[in-house]
Amino acid sequence: MIGDCKLIRNSTPRSGISMRHFLWLALLTTTTAVQGQISAPILVLEASSGYEATRRYAGETVPGRATELGFKQAGQVSEVLVDVGSRVTVGEPLARLDARTLKAQLATADADIAVAKAAVQAAGAQLLLARNNERRLHRLRETGHTPQQLYDEAKLALDVKLADRQVAKAQLARVIASRNMAQIALSEAVIYAPFPGTIQSRYLDEGTQILPGQAALRLVATDQVEVHVGIPSKIAATLLTTGRIEQADKNYQVLWQGRELTARLRSVLPEIDATTRTQKAVFTVTANDLPLGAVVELTLANFVSQPGFWVPLAALVESERGLWGAYVIAEDNTAQRRLVEIIHNNGEQVFVRGTLQAGERLIRDGVHRIVPGQAVTPAGMEVAHAR
């Protein structure tokens, strides 16, 4: 090779270097680079059974509870105490019907109760009189001072008065029940909040004639928001164990406008959506300021079973046909090239599969200076632990 160098120097014409001389010079440079020895940091490869991939799935926030509120009876709306956006507490009155007729019915029932109670007292007095008369005639009959027929008539009168008192008591119970019904009807003339929340919609105003069951207000709970997320069935199966929620106390991360929220898995619906071919997972999120109907993202980490190796991204060089190359140091301390395929990339580390073997010494940096067959001195040895 030295002779070749002399040939280049001696045969160079004064006018310049010929193409043949350039080729000899390039060959000399390449050969010298292959035979030159460099130092490179290495990584001892350790096989991994798989990797953890993080995926994001879009979902929607919905109220934990929502209801359409209305009256159980027809009537005219006299007062609406809330408006759209009003925050209410449980048991708070929201709207009222004109209750004058119901109050009159309640007053009538109270009067009927008073009459029925008087009737019971009168029947009791008549019963006491009939019982005393029967006892007196019973003593006279035993001494022979009164005929049997007269005593029998007194005893029958006692039975009649006893029945009259039972009828009076039954009548009193009936009017009391009527009064209770009137009281219930009067209470149903007011809509009360069944749970704390916010008025989402108001469908009527004062003076409206409303029918039984017609919606007057819509109330949504804002203290606990649900997130409904469509998840592929294979991923949804990893959230369950024998049909039950796995690790019920586990927290999940939900992203909304760059903000991380903590969510708890409540249930996974068994039916697969015919359009999206996903299963709906229901999460609960405690956030009073999270709007309903907002689009959020659920972050799930899923372990993918796939044999391979974790290597630094800096250890790879681009190769042909979509593959990548990596260099290992053979037993004779020369660089050998291995073809690999990138399966997963988490930024600085990549999970690859290919012709690598566990225990091989991988050159983890500076691979742009390496050519196959080059002598390499190992430096800065590390172990690529399985993740």
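Mentor: Start with a definition: two strands pair if DSSP finds at least two bridges between them. Strands themselves are DSSP runs (E, at least two residues), helices are runs too (H or I, at least four residues), and both are numbered from the N terminus. This is a predicted model, where local features need pLDDT of at least 70, side-chain atom pairs count only at pLDDT 80 or more, and totals for chains, interfaces and linings use all residues. Residues are numbered from 1 along each chain as its sequence is written, and side-chain values use heavy atoms, with hydrogens and water left out.

Trainee: Which residue in β10 is the bridge partner of T67?

Mentor: Look at strand β3 (residues 66-70) and strand β10 (residues 215-220). They run antiparallel and are joined by five bridges. In β10, the partner of T67 is L219.

Trainee: Which residue in β10 is the bridge partner of I199?

Mentor: Strand β8 (residues 197-202) is joined to β10 by four bridges, and the two run antiparallel. Strands of a sheet pair through backbone hydrogen bonds, either parallel or antiparallel. The partner of I199 in β10 is L219.

Trainee: Is T198 buried or exposed?

Mentor: T198 is found in strand β8. T198 touches G85, S86, R87, R218, L219, V220 and T222, not counting residues up to four places away in sequence; a contact means heavy atoms within 4.5 Å. Buried means under 20% relative accessible area, exposed over 50%, and partly exposed in between (1.4 Å probe, protein chains only). At 12% relative accessibility, T198 counts as buried.

Trainee: Which residue in β9 is the bridge partner of G75?

Mentor: Strand β4 (residues 75-80) and β9 run antiparallel, with two bridges between them. The partner of G75 in β9 is I210.

Trainee: How many aromatic pairs are there?

Mentor: First the rule. Rings of Phe, Tyr and Trp (its six-membered ring) pair if their centres lie within 6.5 Å; planes under 30 degrees apart count as stacked, over 60 as edge-to-face and the rest as tilted. By this rule the count is three.

Trainee: What kind of pair do Y51 and F351 form?

Mentor: Their ring centres are 5.1 Å apart. Their planes meet at 45°, so the pair is tilted.

Trainee: How many residues apart are Y51 and F351?

Mentor: Y51 sits in strand β2 (residues 48-63) and F351 in strand β21 (residues 349-354). The pair links distant parts of the chain, and the separation is 300 residues.

Trainee: What kind of pair do W310 and F351 form?

Mentor: W310 lies in strand β17 (residues 295-312) and F351 in strand β21, so the pair ties together parts that are 41 residues apart in sequence. W310 is buried at 6% relative accessibility, and F351 is buried at 0%. The ring centres are 5.4 Å apart and the planes are at 70°, so the pair is edge-to-face.

Trainee: Which residues do ring pairs link into a cluster?

Mentor: Both Y51 and F351 are buried. The cluster linked by ring pairs is Y51, W310 and F351.

Trainee: Is Q257 buried or exposed?

Mentor: Q257 lies in the loop between β14 (251-256) and β15 (259-272). Its phi is near 50°, a positive value in a residue other than glycine. With a relative accessible area of 72%, Q257 is exposed.

Trainee: Is R277 buried or exposed?

Mentor: R277 is placed in the loop between β15 and β16 (278-285). R277 is not a glycine, yet has a positive phi of about 55°. Its relative accessible area is 53%, so R277 is exposed.

Trainee: What share of the residues counts as buried?

Mentor: The protein has five helices and 23 strands. Among contacts between residues at least 6 apart in sequence, 73% join residues at least 24 apart. Of the 387 residues, the buried share is 34%.
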